[in-house]
Amino acid sequence: MSDGPAAPPGAGTGAGPPRSDRPVPALRLGRHRIDPPVVLAPMAGVTNVAFRRLCREFAPGGLFTCEMVTARALIERHPKTLRMITFDRDERPRSLQLYGVDPAVVADAVRMVVDEGLADHLDLNFGCPVPKVTRRGGGAALPWRRRLFAGVVRAAVGAAAPAGVPVTVKLRLGIDDDHLTYRTAGRIAADVGAAAVTLHARTLQQGYAGPVDLPAIAELKRSLPIPVLGNGNIWEAADALRMVAATGVDGVVIGRGCLGRPWLFADLASAFAGGTGRTLPALGEVATTMLRHAGFLVEWMGDEARGCADFRKHIAWYLKGFPVGGDLRRRLAMVSSLAELGELLGALDPRVPFPEPQLGEPRGRTGASARVILPAGWLDDTECADVPDMDDPLPLVEGRSAPGTGSHERFPPM
Ligand SMILES: Cc1cc2nc3c(=O)[nH]c(=O)nc-3n(C[C@H](O)[C@H](O)[C@H](O)COP(=O)(O)O)c2cc1C
């Protein structure tokens, strides 16, 4: 085990989550040892190099997944896609999520990744619920067509194997309660050589609403010969420990819980090492982290106004529960330079303690999918291996949130 996380810069700590009886062991993904076995979930529009840099500081040794890119956009060398797969020089393993529905295109993309040394770990997205994706049979719709699913995973594993790059698969439970796919998809993934499976234990129809199905995660874990990672509703380190205890998973995958709270990774690392630390930064420390995050975004984007505009969506997450007046919040939501951000944050009282009632509270989106949209006849034949119409030739993540909306509606929330 690692010696635990580096202390977050200036972060305060308080009474923490329940102590785990023994440290949670490291996770093996091919040649990579992930310790603590904690993974930053791919989140479109969020898990770029800037956010990952912050998160990595809190749990060195974890796995931090880049924003998803489409296989087609990658092989077409779309400039935005190539920029999205930026990694820090010291970032290891470099973890990238690919989306694709065509085994041949996915294989080409994986070959490009390994030939050009672009990443050290690949995850395949079979969890996306947005209609733009599922109406083409992609994302969470795809595992229903089990032969096609097998073809995509096999193609990726085959292309990655010569370079020793492990391929993992991220699944939902299925399309809805009547069309569950995780058991079959998990078995197929293991059979064709996936290194691990992550289960976001909700159906496509559930979107992000309601509790996750821990018994389903436990069942998948028991049934597969490869590591299984659990995902969904981990807001605090205690939630992660509970998931591990209830399911026996080999690791946890953290999505919305770290939005505006990258220091959650310090708590997870501590808890998985048997510690009880809990990071409760005062407002001044949160403001310092915000400025660093915005600075990293500006550096990555090479444009101060764009970097600040991209940072706007994070502001409400960071300040959730802190007493910040409506006028200041409005001005922050329109921030366009680092100096302005520093000035506005400087108006806050740095001594205000972390709002503990926020602990365990959901953040980010929490709704169900409005509609499940699938290609015509998709559910009629699970054995059909035809490749759906065509891949989306453009990256799904095209732009950034509209200035000031703080919304990620234009991204494909998975
Ligand atoms: C803004 C946002 C973007 C997301 N983008 C992706 C993505 O690109 N690929 C993916 O597999 N999942 C994506 N997800 C889903 C998360 O990876 C994760 O599975 C989901 O949020 C459930 O975990 P949580 O309860 O910890 O948030 C996204 C989620 C959010 C909130």
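A residue is buried here if 20 or more other C-beta atoms lie within 10 Å of its own. With that in hand, I started on the whole protein, which is a predicted model.

**Entry 1: the whole chain**

I counted up burial and found that 53% of the 414 residues in the protein are buried. For secondary structure, I noted 14 helices and 13 strands. I then looked at contacts with a separation of 6 or more, and 77% of those in the protein join residues 24 or more positions apart.

**Entry 2: α8 on α9**

Two packed helices are described by the angle between their axes and the distance between the axes. I looked up both for α8 (residues 214-223) and α9 (residues 237-247): the axes come within 8 Å and cross at roughly 55°. That angle makes α8 oblique to α9. The crossing of this pair is right-handed.

Which residues make the contact between α8 and α9? On the α8 side I found Leu214, Ile217, Ala218 and Lys221, and they meet Met243, Ala246 and Thr247 of α9. Sorted by class, the contact of α8 with α9 has 5 nonpolar, 1 polar and 1 charged residues.

**Entry 3: α9 on α10**

Next I followed α9 to its contact with α10 (residues 264-272). The angle there is about 45°, and the axes are 8 Å apart. The two helices are therefore oblique to each other. I wrote down the crossing of α9 and α10 as right-handed.

From α9, the contact draws on Ala237, Ala240 and Leu241, while α10 supplies Asp267, Leu268, Ser270 and Ala271. The class count for α9 with α10 is 5 nonpolar, 1 polar and 1 charged residues.

**Entry 4: along α11**

I turned to α11, which covers residues 283-301 and has 19 residues. From first C-alpha to last, α11 reaches 27 Å, close to the 27 Å expected at 1.5 Å a residue.

Which elements do the buried residues of α11 pack against? I found α1 (49-58), α12 (304-319) and α14 (338-346). The buried residues of α11 include Leu283, Val286, Met290, His293, Phe296 and Trp300. Thr289 is also buried. After α11 comes Gly302, and its phi is positive, near 70°.

Most residues other than glycine have a negative phi, and most peptide bonds are trans. I went looking for exceptions.

Where is the cis peptide bond with omega near 10°? It runs from Asp35 to Pro36, and Pro36 is in the loop between β3 (32-34) and β4 (38-40). Another cis bond leads from Arg92 to Pro93, with omega near -10°. Pro93 lies in the loop between α3 (79-84) and β7 (95-99).

For phi, I noted Arg77, which has a positive value near 55° without being a glycine. Arg77 is placed in the loop between α2 (71-75) and α3. Asn233 is not a glycine either, yet its phi is positive, about 60°. I found Asn233 in the loop between β11 (228-231) and α9.

Is Arg77 buried or exposed? Arg77 has 9 other C-beta atoms within 10 Å, so it is exposed. Asn233 has 22 C-beta neighbours inside 10 Å and therefore counts as buried.

Key: Residues numbered from 1 in each chain as written. Predicted model: local features only at pLDDT ≥ 70, side-chain atom pairs only at ≥ 80, totals over all residues. Axes fitted to C-alpha atoms, helices over the stretch in contact; angles between N-to-C directions. Helix = DSSP H or I, 4+ residues; strand = E, 2+ residues; numbered from the N terminus. Parallel < 35°, antiparallel > 145°, perpendicular 65-115°, else oblique. Left-handed = near helix turned anticlockwise from the far one by under 90°. Contact = placed C-beta atoms within 7 Å. Nonpolar A, V, L, I, M, F, W, Y, C, P; charged D, E, K, R; others polar. Expected span 1.5 Å × (residues − 1). Buried ≥ 20, exposed ≤ 12 C-beta atoms within 10 Å, placed from the backbone.
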